[in-house]
Amino acid sequence: MPTLDDATRGRILFGGDYNPEQWPEETWKDDVRLMKEAGVTSVTLGVFSWSKIEPRPGAREFGWLDRLMDLMHDHGIGVVLATPTSSPPPWMGRLHPETLPRDENGQTEWWGSRQHFSHSSAVYRRYAAALTEDLAARYGTHPALTMWHINNEYCTPDWGDEAATTFRRWLQDRYGTLDALNTAWGTAFWSQGYGSWDEILPPRRAHYMKNPTHVLDFKRFTSDMLLECYRTERDIVRRHTPHIPVTTNFMPFWSGQDAWRWAAEEDLVSIDIYPDPKDPLGGQYNAMIGDMTRSQAGGGPWMLMEQAAGPVNWRGVNHPKPYGLNRLWSLQAVAHGADAVCYFQWRQSRQGAEKFHSGMVGHAGERGRTFREIKEIGAELALLGPQMTGARAHADVAILHDWHSWWAGEQEGRPSSLLQYPEIVRSWHRALWEGHLTAAFAHPAADLTPYRLVVVPHLYLLDDTSIDNLLAYVREGGTLVCGFLTGVADADDRVRPGGMDPRLRELFGIDLIHEWWPLDAGERTDCGEFHGTLWSEEIQAAPGAHTVAGYRGGELDGLPAVLRNGAAWYVSTLPEPAALRDLLGEAARDAGVRPVLDDLPTGVEAVRRGPLLFVLNHRREHTVVTVPGRHHDLLTGATVESSLRLGRYGAAVLKEAT
Ligand code: GAL
């Protein structure tokens, strides 16, 4: 199978989504001139071009795209060619309204925006496949083509009639018999027993709370159906060009796709990341998504398909990036494994819904500060490419994450609606990041032997295989730190005996969990050395388990908040950030895991990728970092001996001097 290396060929890909159909052709020449100035090596064409290519059913207007492919090739710029199937033209909705998705209230999502297709529509799929076939036939041998980009951010669920039919088919494959389905869904509750497959609907709007396993299966189904759409197009382009890598861009930490499964179907993993420039922990968010994406790529390189050169336009208030931040976050992505640093989009639009979303060339044009920074970044990435493409970043710590658990855990009728799965995971990643420990992410059933320390922020649902995996990991010498409300439900979202799997309770030294005590927003619970937030538990420890921290005062006075049983830790609350950092730091030390560098100042990140050490200052203040030994800074050419001075948002990429 081809990989990202086949597209990068020793250079870091730099560029972005290019939507030239929004501009008169005279602009294209100017675009190319500026791309060359900026060191652009890659553009993504065609993402939203369906109505331009197929203005009428069955028509093909390829002339403009032919000219663009040639233009790019003539200037040495590679093309990531998208199948434009995420936004069907208006004629499709008008002629075939069944291609439009419906929401859970039965409302149609009309054309006039984007991503308005039903994953289950046979008509949509037929048109999408025909267009993909013709694109692949026409451009498969074009020398500019470096990669296929299928669709864009697959995300649209559908509660409509055709989706109801495919949902039943999917359920028949999963359960075989109605009896099995009724058992899995627990339909004895509230008189929900199904007597015929035709009675089953997508979980549409209902009078009161819905059956949680029904909802969980619908999320699984939606991810699988979108994946089926992806696979169909992927297989078409693969047939034409088996040597060209194929990807589809994920949204970061997005709930709608089981990205572990999806990543396994891609030749390379690509992602769109938009941290908020105003977020003081934006760098941590960027690091977390980088770690997650690298892990989906099996620890190897990945592609930053989209980021913003300045502000986005979809937050309530959209902040630009202060000088230096675009460069810092771009280098940070490379540190975390990216071999491609790309943007949405090349030239900022003058019309349409995203005209206030930044571009590499903004409304201020080539004289603008944003474009000046783009040129600086392009030049630095060109320097780094030959030194590092293909290199892997190593992590001793794994954070376990699973979409099915997220889907099951965030439903109606739960003990606390304040539990936000991504926020909890982010808190744990932040604790590791602030402790200067590089983390990977892993599925709970994955091979955990490469890691000395495994942490589980919160996995409400754990299937039997995953539980066996955790037990084996500790048995074979691993250290496990586990957050609250974990191992509660089985794969059907059925509560396990005692509210937590008995084998896990034994592992952590928990005799019984009497009750969960969720905390209110802003409430803190005293745990002696620190405060807990969000959650607490009334735990009866088993003999031999060590209470690391206990609740003080209130109903839980004297009961364990953090328990330790050998190498297995259980944390029954969400400690405040510094406390969680210290706790995971202690577990890491016990497990023999060392920070990347000792004595790093707060807000400075160090990451090793292959032979290179990235040192990144996420603060506006200057800082001095101790770096033992003698290094060359690949960005400045300077020699660094034992200490390094970094300016505001400064970065250094160090290679040991020989
Ligand atoms: C992504 C999308 C792009 C653009 C961008 C704006 O979700 O793929 O087309 O909309 O966001 O931030």
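Helix α2 is followed by Gly39, a residue whose phi is positive, near 75 degrees; helices here are DSSP runs of H or I with at least four residues, strands are runs of E with at least two, and both are numbered from the N terminus. The structure is a predicted model, in which local features need pLDDT of at least 70 and side-chain atom pairs count only at pLDDT 80 or more, whereas totals for chains, interfaces and linings use all residues. Residues are numbered from 1 along each chain as its sequence is written, and side-chain values use heavy atoms, with hydrogens and water left out.

Helix α2 itself comprises 14 residues, 25-38, and reaches 20 Å from its first C-alpha to its last, close to the 20 Å expected at 1.5 Å a residue, where the expected span is 1.5 Å times one less than the number of residues. Its buried residues are Thr27, Trp28, Asp31, Val32, Leu34, Met35 and Ala38; buried denotes under 20% relative accessible area, exposed over 50%, and partly exposed the range in between, with a 1.4 Å probe and protein chains only. The cover over these buried residues of α2 includes β1 (13-18), β2 (42-45), α4 (63-74) and α13 (369-388), contact being defined as heavy atoms within 4.5 Å.

In the side chain of Glu306, an N or O atom is 2.7 Å from an oxygen atom of the ligand, and a polar side-chain atom of Trp314 lies 2.8 Å from a ligand oxygen atom. For His357, the distance from a side-chain N or O atom to an oxygen atom of the ligand is 2.7 Å. Of the 310 Å² of accessible area that the ligand has on its own, the protein covers 95%, as computed by the Shrake-Rupley method with a 1.4 Å probe.

Most residues other than glycine have a negative phi, and most peptide bonds are trans. Glu153, although not a glycine, has a positive phi of about 45 degrees; this residue is placed in the loop between β4 (145-150) and α7 (161-175), and is buried, with a relative accessible area of 9%. The peptide bond from Phe344 to Gln345 is cis, with omega near -5 degrees, and Gln345 is found in the loop between β9 (338-343) and α13.

Helix α11 (residues 282-296) contains Asn286, which is buried at a relative accessible area of 8%. The side chains of Asn286 and Gln332 are joined by a polar contact of 2.8 Å, that is, a pair of N or O atoms within 3.5 Å of which, within protein, one must be able to donate a hydrogen and the other to accept it, residues adjacent in sequence counting only if both atoms are side-chain atoms. Not counting residues up to four places away in sequence, Asn286 touches Ile273, Pro275, Trp329 and Gln332.
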